[in-house]
Amino acid sequence: GFIFVGEYLKRKGVRNLVEAHSYYIKRGGSESCKFIGSGTLRISESDNQVNLGRLRKEVVLRHLLKASVFLLPSKDEVFGMAILEAMASGCICVASINEGFDGIIIDGYNGFLIEGCNTESIIDVFERISELSYFEEQSIRNRAVSTASKLSIEIVADMYINSISVNV
């Protein structure tokens, strides 16, 4: 299934994710979406969308190991370790372009990049993922794990600082 981990805030793209996932289900998609976190936005539960609330880190990691796709469709994001934890767990990670993940996630290679807080962009990536063959999906997952295994906190910090310098 799909999973979101973070604060339920507008800038995290949670509402866009809920809308995109609802559309995906209406169009015949079968993957459920779990939301882990808390915040000002409310997540209404359905058969296909589950709000688990705030959980301890070890419980979150267990959910990541069971998930197939980690989604972070945010804007104005600072780099978070959750994306590396998701990659290390073998999730296909979806993150926003120009939000600190470029260079770590290479679109279509070890994850996917989308326009942040954009419902249509999330719908498009759901379609791209659903069209993957089993082999393509496993290859992306394996490359995500490989990428995460090569990144220490120091390396990620340097990459993030360099990306900020380039974009300023």
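Modeller: Leucine 84 has a relative accessible area of 6% and is therefore buried; the term buried stands for under 20% relative accessible area, exposed for over 50%, and partly exposed for values in between, using a 1.4 Å probe and protein chains only. The model is a predicted one, in which local features need pLDDT of at least 70 and side-chain atom pairs count only at pLDDT 80 or more, whereas totals for chains, interfaces and linings use all residues. Residues are numbered from 1 along each chain as its sequence is written, and side-chain values use heavy atoms, with hydrogens and water left out.

Leucine 84 belongs to helix H3; helices (H or I, at least four residues) and strands (E, at least two) are DSSP runs numbered from the N terminus. The buried residues of H3 are Ile83, Leu84, Ala86 and Met87. They lie on the same side of H3, because the arc they cover around the axis is only 160 degrees, the arc being that of the directions from the helix axis to the C-beta atoms. Just after H3, glycine 90 adopts a positive phi of about 90 degrees. Between leucine 84 and valine 5, which are 79 residues apart along the chain, the C-alpha separation is 12 Å.

On a 1 Å grid over the protein atoms alone, a pocket is an open set of points with protein on both sides within 12 Å along at least five of seven lines, where a cavity is a set in which a 1.4 Å probe fits but cannot get out; lining residues have an atom within 4 Å of a point. The volume of the largest pocket is about 420 Å³, counted as the space filled by probe spheres set on points joined across faces, edges and corners. Its lining comprises 12 nonpolar, 4 polar and 6 charged residues; Ala, Val, Leu, Ile, Met, Phe, Trp, Tyr, Cys and Pro count as nonpolar, Asp, Glu, Lys and Arg as charged, and the others, Gly among them, as polar.

Asparagine 98, although not a glycine, has a positive phi of about 60 degrees, and its relative accessibility of 54% makes it exposed. Glycine 100, at 14%, is buried; its C-alpha is 9.8 Å from that of asparagine 162, 62 residues apart in sequence.

The loop between S6 and H4 contains cysteine 117, whose phi is positive, near 50 degrees, and which is partly exposed at 22%. Asparagine 118, in the loop between S6 and H4, is buried at 17%. Its side chain reaches the backbone nitrogen of glutamate 120 at 3.1 Å. Serine 121 lies in helix H4 (residues 119–130) and is buried at 15%. A polar atom of its side chain lies 3.0 Å from the backbone nitrogen of glutamate 115. Setting aside neighbours within four places in sequence, serine 121 is in contact with Ile114 and Glu115, contact meaning heavy atoms within 4.5 Å.

How values were computed: Polar contact = N/O pair within 3.5 Å; in protein donor to acceptor, adjacent residues only side chain to side chain.
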